[in-house]
Every structure is written in C-alpha cells, then in structure tokens.
Amino acid sequence: MTDLEHPPSTFALRIRGNSMEPEFREGDVVVIDPTIQPHPGDFVVATDDGGEATFKQYRSAGINERGHDVFELCPLNPLYAPMRSDRQQIAIVGVMVEHRKYRQR
C-alpha cells in the first residue's frame, strides 16, 4: 500500500542482508517501479545471470568500445564490492520510488 500513484507493475521488496547499510537495513521495504529508467545515484533492483535479485545504487561507468552503456551497482556498505555490467550479466528490474523504514529494537 502506498499513497503515491504508481503503475500496476510496481512492487515492494523487503531488504535482506547488510550490503546497503547504514541507509537501508534488513527488514526495510522498498517500492520498485519497473517502468522507470535509472539515472546515476538511483537505487535499483537488478538480477544477475543466476536470477538472484540485488538492491544497490546505480552508477554510470561510461561507454565501452562497442558503444554500450556500462554501469556499476554499488553497495553503500564498503565491505562489499560493486558489480559491473561489463564483467557480469546484470539486468535492471526497476528503480526505487519509496523507502519504508521500520523501527528496529
């Protein structure tokens, strides 16, 4: 449920793990709109070649020798490494449009 207008394809995802701490903590919920194209700095959901979903910050890495856009998916937690689209297969699923934090005890 949200008070914002979103297309029917919009979905929510509960954060697991700590790769996006301190801003996004395990148990937080993010609302994802798959109709929005990401811009540098956006938070996105993506899948890797194994179908595993991940939530990271999108960063442009330029254009490769074939003229294709290259991007990185960067964790906020410096203990984790970024993912690069020119080194592994990554598909952007959608862009975060809402973040719900829940009180942690």
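User: Is R84 buried or exposed?
Analyst: Keep in mind that this is a predicted model. R84 counts as buried, because its relative accessibility is 18% and the cut-off for buried is under 20%.
User: Which strand does R84 lie in?
Analyst: R84 belongs to strand 6, which covers residues 83-84.
User: OK, and what does the side chain of R84 make polar contacts with?
Analyst: There's a polar contact with the side chain of E72 at 3.2 Å. The side chain of D86 also pairs with that of R84, at 2.9 Å.
User: Leaving out residues up to four places away in sequence, what else does R84 touch?
Analyst: On that count R84 touches A61, V70, F71 and I90, and E72 is on the list too.
User: Switching to pockets. How much space lies in the largest pocket?
Analyst: The largest pocket holds about 300 Å³.
User: How many residues line it, and which lie nearest its centre?
Analyst: The lining has 16 residues, and L13, R16, A53, T54 and F55 are the ones nearest the centre.
User: Which strands supply at least two residues of that lining?
Analyst: Strand 1 (11-14) and strand 4 (53-63) each do. Strand 4 gives the largest share, with four residues.
User: And how does the lining divide into nonpolar, polar and charged?
Analyst: For the largest pocket, seven lining residues are nonpolar, five are charged and four are polar.

Note on methods
Residues numbered from 1 in each chain as written. Predicted model: local features only at pLDDT ≥ 70, side-chain atom pairs only at ≥ 80, totals over all residues. Heavy atoms only, no water. 1 Å grid on protein atoms, 1.4 Å probe; cavity = no way out; pocket = protein on both sides within 12 Å on 5 of 7 lines; lining within 4 Å. Points joined across faces, edges and corners; volume = space filled by probe spheres on them. Nonpolar A, V, L, I, M, F, W, Y, C, P; charged D, E, K, R; others polar. Buried < 20%, exposed > 50% of the residue type's maximum accessible area, 1.4 Å probe, protein only. Polar contact = N/O pair within 3.5 Å; in protein donor to acceptor, adjacent residues only side chain to side chain. Contact = heavy atoms within 4.5 Å.
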